[in-house]
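Please find below a colleague's note on the structure shown here.

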Amino acid sequence: MGRVAGKKLFSIMALVAMVGLLLLPIAVSLPSLAIGADAPDAVKKEGEQKYEKGRDVYYKTEGLAIGAPAPKTVDGPKDYPRYNFESRVLLWFANQQHLYYGSFVLAVPIFCMVIEFMGVVTKDKAMAKRYDQLAYDFIKISLTAYSLTAILGGILIFTFLTLYPAFFGYLSSIFRPVMHIYALMFVAESGTLYIYYYGWDKMRDGFLKWIHLSMSVILNVIGTLLMFLANSWIGFMMSPAGVDEQGRFLGNIWHVIHTALWNPLNVHRILGNMAFGGGVVAAYAAYKFLASKTDEDRAHYDWMGYIAMALGVAFLIPLPFAGYWLMREVYAYRQQMGITLMGGLLAWLFIIQATMIGILFLSTNYYLWQALGRMRGAEKYQRYIKYLVFILCCGYLVFITPHTIVMTPAELKAMGGQQHPVLGNYGVMSAKNGGINVIITTTILSFVWYMRGNKVSTVSWSKFGNIFMGVFFACAYVNIIWLAIYGYYIPANVRVGLSVPQVATTLSCLFFMFPLNSAMMKGAKQMGAIEWGKISVRSQYALIMLATAFTWMMGLMGYIRSSVRLFWHVNEIMRDNSPWAYTHTVGFAANMISFNVLFFWVSILFVFWLGSLGMKKAPVPAKAEVPGGAPQPAAGH
Amino acid sequence: MKAIMSLGALIGVAGLLLLSGMIVGIIPSDTVRLIEGYMPVQVIAELILFVAGFTGISYMMSSMGMAFPRFWQGISCWAFVLLYLKFRVYPPIPFSVRAMYGTVSLVAVFMWVSANEEDWQKFKQPIMNVLDAKTGGNRLLRYAYLIILPILIGGFSYNAMVPKSEEPIELRTVHPAPPASTKVHGKTYTLQTSQNPYRVNPEGKYDQEYSNANIVEQGMGRLMKPNANPWDKDAQGYLKYVREGGEIFYQNCHFCHGDNLNGRGLHAFAFNPIPANFTDPGTIAQLQETFIFWRVSKGGIGLPNEGFPWASVMPPWEQHLTVDEIWKVVMFEYWHTGYYPRTWD
């Protein structure tokens, strides 16, 4: 007994020591972070003699201009050394690949944490084992991808240093302490990840399992902070702060990090990474499902694909709202930037983005409808799917209607002007908000149908509950569509505010109807079991489609976000004087994004293959089954 | 249920007859018109009615033992959408948008016919029959496809590659991003923060809410609000400035932008594209008042690089009007169309 207590104490102390060590670099570097506002008076006095005063371009505060001004580059081998190739494209490739892998390895540990937690708290031991196995499978894939992320990070830095030395020199002079903290945290992330992975078996049971779970929390905290720090660099490039108009650092590193767009970028990227990670794991499961030779394997990978898809979609649903917030902040920061993005030069890319978002939701709905096929008793819902298809289609068509229509001069003349009296109304924000909210609400409805697919509620108030849910959804649709129409009749600033009740309507469907449905289905009569593995192959292609669309969209949005700086390295501070300071054509960008997507998928297939090399089949205990389903295979570790 | 489906079938048949009649010209093409101001909602409402109608027809035919095969249901549905977009919506929809809509509709039809295994089997059965070619008719069809499909693909490829004399497609940026500031008659205006000096309440203070309350009503007719007639000889302040803006508009702008500000003025059709239609919700309703001030002042020649291909013959009005006149005419445009200038608060 005493030995067990000692172990517990030791493990807690080890955990605390680990956290302490992780925080140490930050604590040590804090005093040196801000020698502007928070610096001791002696330092300030000394500084005043040497340095001029400067005014922060964003915060409008004054500080000592302790940094060098942003270099005024000229096209030549000194500032822009190059191969006989467009340096920007090389950098684009290196950056995008690093981002794909970075997003994946940041998202997957969050899934592991959630799934491992579900395994720990579930009372069904067979299910607990399943969840634990699934979490382990996830982290295993992530581990190989982690090494690749680090390698790609190295390639990215070398590309910066060799092709854009002046710009990278300036950026690293501003972010010097942040970059060091980043590097230290990367070490901490690696250490925690390896302990987490290799300690899985040792910390399998009892109290140690909780310690193991706590480590996943630490792992994710570090991962998220890492991402926040990296976001501060791109935030600075888009909406610089903490420097004067010559680009001289004013001594307050927090201002440099906490730029106008940092917070919305952070939120958008977390959600985006999670949705992307879910998509990639779901595609992995789909690929394994399609390649499976046995019913057992199909059952396991069907289940894995479903869980990954559900987690991915859980983060996909709030993603458009986070994107909306980001755009709002972009408009608030610089109106020109907002118009360039959504109404001007890059507007057509946004139409492509809307198309991709629609594909994501369409694929999700399609997968759920196919998933109804593996439940006996779900036939009653399948006959109504055509109506959901119609609603989704209408919402989607409105959502993708362009504001600036591509047409030949002859078509322009036949149309009698740039604005089409019907389509013109679909091309503006009011209609698009309605469109996307209709799509999301329909997706929620599909989920509700899926959740009750093979069940019949037995609660005494089930009739009332069904009517209530039906009326609630009907009212939600009416409210969303009505507000979309009403938006044309009110001032723009009020119209922007209308998105709040629209989103609230959609979210209330999510947050009220899911629990209500769960309450109704408590103790429900099962019409038949969920037959894991008995799902159409079309569903698996839908999962692959989902993942590909995520990957393509990430590439596209990254390109749009970066392109909006136009001919600036750092917006309005450091000009890009290379020969490539122009915006690519839509066609070139689309090809480049497709190439990046293709490269990522080929390379991640290699990662999956590597992961499968270490997998050994273990005998499956008879008890260990997904409730009501076919036996699940388990890989040994 | 039967009664509802019968009603649906009736609507479907009547709708199809009406639409076909209007398209081929048996009945006047304006029998059921798209009503200005309500067109977007009307188009969706019509499509809803047609879907209800098709459901009813399908149900009735099944009940009568003459079920319409799922394969042909899917094909007909898609064909209907394409024809509807091509012939019902006027002015004609440019091909790029019709292609997008057509593709989405095709995907939707696929999602519908393959939503469950039974439907999917029904849908693909005729295709499998032709591929298997177990009957003489199917064998003939298979050979026909073998010959026709390559010819069609070849034809499309040839058509796509053959040099054409028509002007190429232009990705025109209708509203390019404005500069941070603009200089008019020697004074610099910051577009993010500048305000129209004539948008004032009776106390003479800038008040957008006051002016918003006095614009014409949107929708059909665009009626003036009671006690908000700028042409009333006693009108003062905001309404008086609107009238002055109107006078400037009708002396200078209406030749191109039209009496009703809908871009269809006397000279409008000499240009391609025709001048901006201010009554469309995609033009001034989406923009800050300062954006319009900048565009009026600088005209087509002052469009930034982003405004490719600079297809605008708008004169730089700063060469003909004073700053005050430009502000007043901008205010008149908002008043007359019933739109509110965009604000960011």
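Predicted model: local features only at pLDDT ≥ 70, side-chain atom pairs only at ≥ 80, totals over all residues.

1. Composition of chain A. The secondary structure of chain A consists of 22 helices and 8 strands. Chain A has 637 residues, and 59% of them count as buried.

2. Contact range in chain A. Among the contacts in chain A with a separation of 6 or more, 83% are made by residues 24 or more positions apart.

3. Domains of chain B. For chain B, the domain assignment gives domain 1, covering 2–161, and domain 2, covering 181–337. Taken over C-alpha atoms, the centres of domain 1 and domain 2 of chain B are separated by 45 Å.

4. Extent of the interface. On the side of chain A, 63 residues are in contact with 72 residues of chain B. Between chain A and chain B an area of about 6,100 Å² is buried, and carbon and sulfur atoms give 66% of that area.

5. Polar and charged pairs. Between chain A and chain B, 12 residue pairs are in polar contact, both residues being at pLDDT 80 or more. The rule finds 1 salt bridge across this interface. In a salt bridge, the side chain of Glu117(B) meets that of Arg538(A), at 3.2 Å from N to O. As to the elements of chain A involved, at least two residues of the side that touches chain B are supplied by each of helix 11 (319–333), helix 12, helix 13 (347–372), helix 15 (385–400), helix 16 (409–415), helix 17 (423–426) and helix 20 (492–520). Helix 15 of chain A contributes the largest share of that side, namely 10 residues.

6. Thr340(A). Is Thr340(A) buried or exposed? Thr340(A) lies in helix 12 of chain A, which spans residues 335–342. Its relative accessibility is 3%, and Thr340(A) therefore counts as buried, the cut-off for that class being under 20%. Which residues is Thr340(A) in contact with, leaving aside its neighbours within four places in sequence? In chain A they are Leu345(A), Leu346(A), Ala347(A), Val564(A) and Leu566(A). In chain B they are Ala177(B) and Glu306(B). Helix 12, in which Thr340(A) is placed, is also one of the helices that supply at least two residues of the side of chain A touching chain B.

Note on methods. Residues numbered from 1 in each chain as written. Chains lettered and ligands numbered in written order. Heavy atoms only, no water. Helix = DSSP H or I, 4+ residues; strand = E, 2+ residues; numbered from the N terminus. Buried < 20%, exposed > 50% of the residue type's maximum accessible area, 1.4 Å probe, protein only. Contact = heavy atoms within 4.5 Å. Domains from an automatic or database assignment. Buried area = accessible area lost by both parts, 1.4 Å probe. Salt bridge = Lys/Arg side-chain N within 4 Å of Asp/Glu carboxyl O. Polar contact = N/O pair within 3.5 Å; in protein donor to acceptor, adjacent residues only side chain to side chain.
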